[in-house]
Amino acid sequence: MINQLGFILTSKCNLKCHYCYYNNDIYPSLNDNLKLEDITSFLERVTEVIPVKSLLLTGGEPLSMGYIMELIVFAGSRVRDIMLLTNGTLITEELLQQLIAHRVHLAITLDSLNEAYTDQYRGRYAKVMEVLHMIYEQHYSDHVDLNVTVSPENVDHIDEVIAYAEERGFGVNLNLMDSEDLLSWNKASTLAIDKALTVFKGFYAFEERQYHYKLAEFTLKKQTRIIPKCYFSAKTLIIDSDRTIYPCFHNKSPLGQTTDSVLEIMDKHGEFITRHQSCFNCYRNACFSLF
C-alpha cells in the first residue's frame, strides 16, 4: 500500500557535487521545476484516496525553491511526517527556526569530517559544519540525520563521522557510492571493500538478523543484482521535477503525470509491482539507503 510520496522539486542545485547523478549524466538534468500548485493539487487529490504518512522533499537542492515553507505548511496539515533532503548550505538561522516550528525532519549530507575530501567532491564544508553547530545549539539534533555516502576514498573517515553524530545527537544514514568514476565501488580494492563491510557490520550490530550488513555485502560483492521484493517502491510514488510519476528514485518506469487520475496511477503502480514480483533487476548501489 502506498503511504509515502517523494517530490523532486528541482534538478538544479547550488553545489556541483562530483558524483551527483545530474552531473554525471546518469539521469538527465530536466532543467524544470515543480510549481507549488503542481504539488499541492496532487497531494490534495492523493490524500483524499490513500492515507499518506510521509513526504520526502528533495532535488537538486529543495531549499532553492522559494515556496518551500509554504509547501511545508500546506503539507503539514495532510501528512504526519515531512523529511527534507538537503546539502544544508542554504539553511539560515531564520529558516531553521521555521523548520523547527513545523517539526521538519532534516537529512543533511556530510560524507567526511576531512575538509579537503568534502571540498573536493562536494564543497562548502565550513558552511555545513556551521549549520550543524547551529542545529545542535537549538537542541534539534534528534530531528536531523546525517546522510553519509561511503566511497572507497572516504571509507576510513566514516567511523569519525559516526562518532561525531553520536556526540551531537544526530542520526546517521549510510549510503553506498553509486558512481562509475574514480569513487566507484566497482573499481575498489578488496581492502577498501573489507573496510566498508567492517564499518557496516559495526554500525548495524544492533540488528538481530544483520539485515543491512548482509545487504551491504550483497551490494558490494555480488555481480548479479536481482532481489525478490523492493520494499521502497511497494509503498512509494516519486514525482519528478517534470511532473512524471515513478515508483522509485532510480527506476524510471513512468506511472503517469500529476494531472492523471489518482486511481489510474495506483492501478499502474500495482501492475508495476506485480510485473516485477520476485525479479527486481534494477537494484543498484544507491538502493541500499532506501531499505
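A residue is called buried when its relative accessible area is under 20%, exposed when over 50%, and partly exposed in between, with a 1.4 Å probe and protein chains only. The model is predicted, so local features need pLDDT of at least 70 and side-chain atom pairs count only at pLDDT 80 or more, whereas totals for chains, interfaces and linings use all residues. Residues are numbered from 1 along each chain as its sequence is written, and side-chain values use heavy atoms, with hydrogens and water left out.

**View 1. The whole protein chain.** Of its 291 residues, 54% are buried. The protein chain holds ten helices and nine strands; helices (H or I, at least four residues) and strands (E, at least two) are DSSP runs, numbered from the N terminus. The C-alpha trace spans about 50 × 50 × 40 Å along its principal axes.

**View 2. Helix α2 and its buried side.** Helix α2 covers residues 68-76, and its buried residues are I68, M69, L71, I72 and A75. Because they cover an arc of only 155° around the axis, they lie on the same side of α2; the arc is that of the directions from the helix axis to the C-beta atoms. An α-helix has 3.6 residues a turn, so residues three or four places apart point the same way. The buried residues of α2 pack against α1 (36-47), β2 (54-58), β3 (81-86) and α3 (93-101), where contact means heavy atoms within 4.5 Å.

**View 3. K127 in helix α5.** K127 belongs to helix α5, residues 125-137. K127 counts as buried because its relative accessibility is 18%. Leaving aside residues up to four places away in sequence, K127 touches T89 and I91.
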